[in-house]
Amino acid sequence: MMQSAAMYEQIRSTGLVRRLLELARDEDLGPAHRDLTSELFCEGGATVRCAVVARHDCVVCGLGAGADVIEVFGCQDDVHWTAMARDGDSVRRGEHVALIEGLRRGVLGVERTLLNLVGRLSGVATQTSRYLDAMGPGVRSVLCDTRKTTPGMRVLEKYAVVCGGGVSHRMGLYDAVLVKDNHLAGVPLEALAERIEQMARRARAEPGCAFVEVEVDGPAQFERLCEVGPGLVQIALLDNFAVADLRAAVEMRDRRCPGLLIEASGGVKLQTIRAVAQTGVDRISVGALTHSAVSADFGLDAL
């Protein structure tokens, strides 16, 4: 797994994290960037020292963004952030994961955005960790995310998946080819292999295309996909296949196109992921890592 600090710097360099944080600032402080309550109640020079505290056991994520939140809110000269854990660490209830100290007005101004961000990303990381635990030992499958993310938060939620032990799938529509059922609608089964092979050859000439993946919705389509020239398609996405059909597809792959990776997807749950992994598939993608994750609870306690 990529080190969390290195991956955070990678997604930070896209500029998308800053745009998200600027939106979070503007929705909380308004166009004039004001915290009316703190302005009226807190004395100008009053300071405070607080800990960010986990309210329950979880995999923590989002601490790497703490300093960026403070900088975007414009209080970096008066408020200081110190992470006491690393993104991806398992923390226990009551554990202090970060310290924030400085002018009271500044700390109170960033408090809710910081807690919301750490809570949301820790929820995704914890959900990912649970799915990995449910997958169990002795399987070769890796756990992948999907594009079923919160609008505007994709790079951070995919970062949280990696911090939880998963693997980031394509980031968006721009960095890989994934031919889905709606792309293939109207293509006769007997023409499927030829159409895919034509597309895949063009995709190989596209700069920045990480891979070519094709979704199939049944054994007949998968058999046709195995007819495509070797190396043109890297991944076959088997959508909503029964466990027996997944196992049969793996056996066919091993016989006919051993270089092809098989990814299982569609309705994979905590209760079923081990059975899916035991079929021998290479990848399992789970939308629930992001779309069904429940935010972890963190509080800000004065010291």
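About 1800 Å² of area is buried between domain 1 and domain 2, and carbon and sulfur atoms give 75% of this area; buried area here is the accessible area, taken with a 1.4 Å probe, that two parts lose on being put together, summed over both. Of the area that domain 1 buries against domain 2, I11, Y131 and L132 supply 35%, which is more than any other three residues.

This is a predicted model, in which local features need pLDDT of at least 70 and side-chain atom pairs count only at pLDDT 80 or more, while totals for chains, interfaces and linings use all residues. Residues are numbered from 1 along each chain as its sequence is written, and side-chain values use heavy atoms, with hydrogens and water left out.

The domain bounds, which come from an automatic or database domain assignment, are set out below.

| Domain | Residues |
|---|---|
| domain 1 | 9–133 + 293–302 |
| domain 2 | 135–285 |

The C-alpha centres of the two domains lie 35 Å apart, and 19 residues of domain 1 are in contact with 20 residues of domain 2, contact meaning heavy atoms within 4.5 Å.

One salt bridge is counted between domain 1 and domain 2, the term standing for a side-chain nitrogen of Lys or Arg within 4 Å of a carboxyl oxygen of Asp or Glu. A salt bridge joins the side chains of E157 and R120, with 3.0 Å from N to O. On the side of domain 1 that touches domain 2, the elements giving two or more residues are α2 (16–29) and α5 (104–135), and α5 gives the most, with eleven residues; such helices are DSSP runs (H or I, at least four residues), numbered from the N terminus.
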